Each structure stands twice: as C-alpha cells, then as structure tokens.
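Please read the following walk through the model with the sequence and the structure open.

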Amino acid sequence: MEKVKLSKNKGPVVFLGGVNAMPMMYALELRKIGIDVVYVVDRPQDDMLSRPENHFPDIGYPYPDWIIEKVLPSQIFLPLFPRLFARWIESVVRKVRATKPQAIVLNGFFCSLAPYLWPGQPKIFLPGGSDLDSWADVEGQDVLSETFSGRSIFKYIPFPSLRKNLIKYIVGEQFKGASHCDAVMYFPRGFNAQGDRVLEQLENLGVKYVPRYDISFEPLKYEERGVIHSREKLVIFSGVRFLFKTFPDGNESYNKGNDL
C-alpha cells in the first residue's frame, strides 16, 4: 500500500477489534517477518468466536505479553463516545509499548475511533463484513434503523424513535471513522452490493481500497493432512460460510458471495 509502509525498526502495529478473530492471522504474519505487534482482545472468555485462543493452536491463555485483554461490555459503545475510548486505548497501549504505533489496524466499531487515535499515524480499516457494508452504509441507514432497533442493546431503549436515531448516529460515526483511514481492506468487488457502494464513497474521499483474500491454515497446522489410499474415506475441509437469513433484514446480498 502506497500510504502505509511498515518497518521492523519503528513502533508496533496495533490491532483493535477482533471480529471472528480474523485480524489475528494478519498480526501473526507481521510477527513472522519481525514487525512488532500489539493485539487488543475486547471480548470475554465465553466468546468462542472472537477470542484468538479458540482459533490459533499456538496462542494460549493467559496471553503472551503482546496480546492485551481489555474486555468491553459491547463494541456498540465505541462510536457513542469515540474521543473517550480513543484516549483510553492510547493509555492502554502506552503501558506496554513506550513508542508510538507505526500503524493502527481497526476492526468492528473500533473504526469509529480513527479520527481521534494517534493523530497523524496511518490507520487501516480491516472490516469483518457488516461493520462496513451495514454499519458504515449511510445510504442504507434507514433500513438498518428499522430492522435492528429491536436487537442487541437497542431493545432495552424504551422509545422506538430514539433507537432508530441512535442507530443512524452510529452509522454516521462509523462511516466518518472509515473516511479518516488511509486504507480499507475488504472483500473483492462483486460479492456485496452494499459494501461496494460504501467502498466507492470512501475511495472518492481518498481512502485507498485494497481487496483482500483471507486464507489462513493456522487452525489446521497440527491436523494430519495428505494423500489418502484409494479405499479410505476422503474428508474435505471447506471454509465457505453460508447464511440462510439476511443480516440485517433488507441486505439481500449479504451472503458472502456463496451464491456465485
């Protein structure tokens, strides 16, 4: 990427947010080439999907010193108080690394902190999916506010109009954060119409788009693999994710491209 050049001799690359633990495979690859990494885990231990120790066999718990555990009640609070959380995150990282980060990789609602985190340092938005194509889609915010207002923490807010306005506000903050990033790494175009629309808007604002192809064999590194004999049972691992219900309702293309 032209705007983000990493070096072994600079500060750490800080990873914030870990939807499905996907960003960890990027963190591990950077460490393999000698780049310092700080990875923040914000999900509790009962979250089997986003905790990295449940995906990567070489990561144990308690974590090594480059992985910081700071559990949040919900990432949804980040875009509501972005300045406050940005200062908090900076103080958390400063306790383990005295040098300023050379880059910050943002995932989930941590993207909304981009305008306030380490001003002047490169920021990369690495969305897991809906954090870009739904929660940063300003044009689709009316649909999202209608369909999501009864879910998550929003269902506890007594006034429907307040729920919807709050969701629209979060969408605006998420897009604002993405627009303050130097680059966004997202699925190749053609998989998701809503995502493609957001990408075009971000590119028009000068954000570099880098298509990504996520393939990680780390969770399978200790599994026996090889050629089988003709009479043995063939077992195939497929990483395709199928969704039979759209999320959120109305995003008809949210199928990870498995209809192609």
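How much accessible surface does the chain have, and what share of it belongs to carbon and sulfur atoms? The accessible surface comes to about 13900 Å², and 56% of it belongs to carbon and sulfur atoms; areas come from the Shrake-Rupley method with a 1.4 Å probe, and for residues only the protein chains shown count as cover. This is a predicted model, in which local features need pLDDT of at least 70, side-chain atom pairs count only at pLDDT 80 or more, and totals for chains, interfaces and linings use all residues. Residues are numbered from 1 along each chain as its sequence is written, and side-chain values use heavy atoms, with hydrogens and water left out.

The chain has six helices and seven strands, in the order β-α-β-β-α-β-β-α-α-α-β-α-β from the N terminus. These elements are DSSP runs, numbered from the N terminus: helices are H or I of at least four residues, strands E of at least two.

Asparagine 107 lies in the loop between strand S4 (103–106) and strand S5 (123–125). Asparagine 107 counts as buried because its relative accessible area is 0%. Leaving aside neighbours within four places in sequence, its contacts include Leu16, Gln75, Leu126 and Asp131, where contact means heavy atoms within 4.5 Å. A polar atom of the asparagine 107 side chain is 2.7 Å from the backbone oxygen of leucine 126.

Isoleucine 228 is in the segment after strand S7 (208–211). Isoleucine 228 is partly exposed because its relative accessibility is 33%.

Terms used: Buried means under 20% relative accessible area, exposed over 50%, partly exposed in between (1.4 Å probe, protein chains only). A polar contact is a pair of N or O atoms within 3.5 Å; within protein, one must be able to donate a hydrogen and the other to accept it, and residues adjacent in sequence count only if both atoms are side-chain atoms.
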